[in-house]
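Reader: Please give me a close look at how the pieces of secondary structure pack in this chain. Keep it brisk.

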Amino acid sequence: MTAATHSTLFPQVPDSPDAVLAGLDPEQREVATALHGPVCVLAGAGTGKTRAITHRIAYGVRAGILQPASVLAVTFTNRAAGEMRGRLRQLGAQGVQARTFHSAALRQLQYFWPKAVGGQLPRLVERKVQLVAEAAARCRIRLDRNELRDVTGEIEWSKVTQTVPADYPAAAAKGGRDVPRDPAEISQIYAMYEQLKQDRSVIDFEDVLLLTVGVLQDRHDIAEQVRSQYQHFVVDEYQDVSPLQQRLLDLWLGDRDSLCVVGDASQTIYSFTGATPDHLLNFRTRHPQATVVKLVRDYRSTPQVVQLANGLLAQASGRAAEHRLELLSQRESGPEPRYTEYGDEPTEAEGTARRIRDLIASGVPAGEIAVLFRTNGQSELYEQALADAGVAYQLRGAERFFERTEVREAGAALRGAARFGANDALLDDTVDVPSQVRAVLSTKGWTTQPPAGSGAVRDRWESLAALVRLAEDFTQAKPDATLADLVAELDERAAAQHAPTVQGVTLASLHAAKGLEWDAVFLVGLTEGMMPITYAKTDEQVEEERRLLYVGVTRARLHLSLSWALSRSPGGRASRRPSRFLNGLRPGSAATAPRTAGGSGSVERGGTGRTRRGPRGPVSCRVCGRTLTDAGEMKLMRCEDCPSDMDEGLYERLRDWRADRARELGQPAYCVFTDKTLMAIAESAPEADAELARIPGVGVRKLNRFGADVLAICAGQELAEEPAAAVEGD
């Protein structure tokens, strides 16, 4: 996994302003040299927009046209801001502020609050959802967990669209919001939430922007002080700007026009948070003299992937579609996208895992493969399938690399070795920086071979292995570097959050994948009701779902797989249909609107039932008889809320056995059996192979491998000690 567009890890700093422009294509060079007046860059996916705008800033700084401290570059994620700071550092443009809107606003608010208001800035509330829950309770309104999350989202939307509690019902109706509760109730909870914050002298994430706007509007002296500090602005992902962020940007600018915005209306996928592409689409109206540059040369994806992406947008409608960019691939030809239809979701997950294992065997690094889905709830099946296939994975959105415990510990150990290494016997046999790093990290859990399976142990190893690879790349780029130099590099990267790549297949939602790219991408669960999502009712909501799929397609460099399942569970009624967005693109389907040429090839059949076990009908709760749809409940064969008749003693014996087997095999415990599968076994206490095989999560391979032990434990027998065998493949 990498952020958009390949670049050398440790390039030489350009030795002159003109050297900064070397390697840019004509359109990127036009962006880089347009340093005066308003500039609008319409940049398609994979066209090197980050490269263009960082080179623009660096060229201006190196040429003496821009003072580093006078430039503020804002984007939407800490990762993107960190990447921008890292690239600017590599180009010799240190000192430029690259931050998120919230980070920049919070920094200004903390500095000016004593002068504008007096005293210390109120504390930033850490968990907003807890305060919303208390507000609902004060209003005598009961919210379940999902409603609580959704009501919190509605409050956030209200604040970024500058909607006060009393105006929420009308604003929600006008905006076509899919509200989780009666709008009057949400308005009441919202008002109580604001009151609780005031009573406790705390502020939330959205208040940071609102209060900064308030200070800059009311205190012209402070506004002028900010404007004297920052004279040039760059805004990335401008299509995702909310009305509140636009208001803040206007206050930062004042009556000046030294602004460069970059965006793509076809990648507007956050309107539910208040984002709108209108600011991007209206930029020429607000700034008639603006320089407009279009970036359409796609350096990321093959012609086959680009053809599908263009075909997807060719069927779009609405204002954003009118401004779509037709991408032109700059890469050599590659394989056609693969379309696969499966009989059910577990079969789709297992088929995807097998293909991923095949790709890894063919030489594609696991870290360059991603499985992308519409909702986070879809990840469980793929986590299990990859674990069963022995493939390491990581969930996107996890803890930041440099904040992980093992990375902090490794950094401290390397820092100590750099300082006192001459007296450390651990480094006696080392010959260079990479060998020193390997020696130090071997005390923290790094080994030459990765641990089997996945889980916490494998995650820790992958983090340490990423540091080892970084040391190797660093030394290759700088042969004379010392361990102290590497430690300094790590410190700079930590400050910029410019993390090395961790090896492991990425599982992520389509929203979380924005801004990233991989060699191979699997887009899964592409059925009506999931893509577009069932609650997308209006034409604009459906079009945003199309743009979301477009974002997914354009994450792929070389291999692209699209799949769907005809039913949720094995043996279920095959009532699902492939996503309407694939009509006219997948072979054998008719287009719904005029389009450019789409994909070619054929639709593969992934099987209507799994070869590992025979067809199974819909799974019913063995207590109340309700048809089960949740994957966890299907494994238990009962509703979560239905009473359990589990033999606690049997469950504990099974857990002890699982821990022993996992230790013998060098795998995480869940690779033997997941907790839910173990609970289902303890509840049903099977007496024969056939009964054990009927439990979801027990396939033919695990039945053959572990069945005798499990049945013996269920029968109360003692197990004979046997040597651990090697892990078998499917």
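Author: Axes are lines fitted to C-alpha atoms, for helices over the stretch in contact, and angles between N-to-C directions run from 0 to 180 degrees. The model is predicted, so to speak of local features takes pLDDT of at least 70 and side-chain atom pairs pLDDT 80 or more, while totals for chains, interfaces and linings use all residues. Numbering starts from 1 along each chain as its sequence is written, and side-chain values use heavy atoms, without hydrogens or water.

Take helix 25 (residues 648-665) and helix 28 (residues 700-714). Their axes lie 10 Å apart, at an angle of about 150 degrees. Helices are DSSP runs of H or I with at least four residues, strands are runs of E with at least two, and both are numbered from the N terminus. Helix 25 and helix 28 are therefore roughly antiparallel (over 145 degrees). Helix 25 brings L650, R653, L654, W657, R661 and L665 to the contact (heavy atoms within 4.5 Å). Helix 28 answers with R705, F706, D709, V710, I713 and C714. The contact residues divide into 8 nonpolar, no polar and 4 charged. Here Asp, Glu, Lys and Arg count as charged, Ala, Val, Leu, Ile, Met, Phe, Trp, Tyr, Cys and Pro as nonpolar, and the others, Gly among them, as polar.

Now helix 6 (residues 128-138) and helix 9 (residues 183-200). They pack at about 115 degrees, with axes 8 Å apart. That makes helix 6 roughly perpendicular (65 to 115 degrees) to helix 9. Their crossing is right-handed. Helix 6 contributes K128, L131, V132, E134, A135, A136 and R138. From helix 9 come I189, M192, Y193, L196, K197 and R200. This contact holds 8 nonpolar, no polar and 5 charged residues.

Strand 3 (residues 71-75) runs parallel to strand 7 (residues 232-235), joined by 4 bridges. V71 stands opposite H232 of strand 7.

Conventions: Angles under 35 degrees count as roughly parallel, over 145 as roughly antiparallel, 65 to 115 as roughly perpendicular and the rest as oblique. A crossing is left-handed if the near helix is turned anticlockwise from the far one by less than a right angle, and right-handed if clockwise. Two strands pair if DSSP finds at least two bridges between them.
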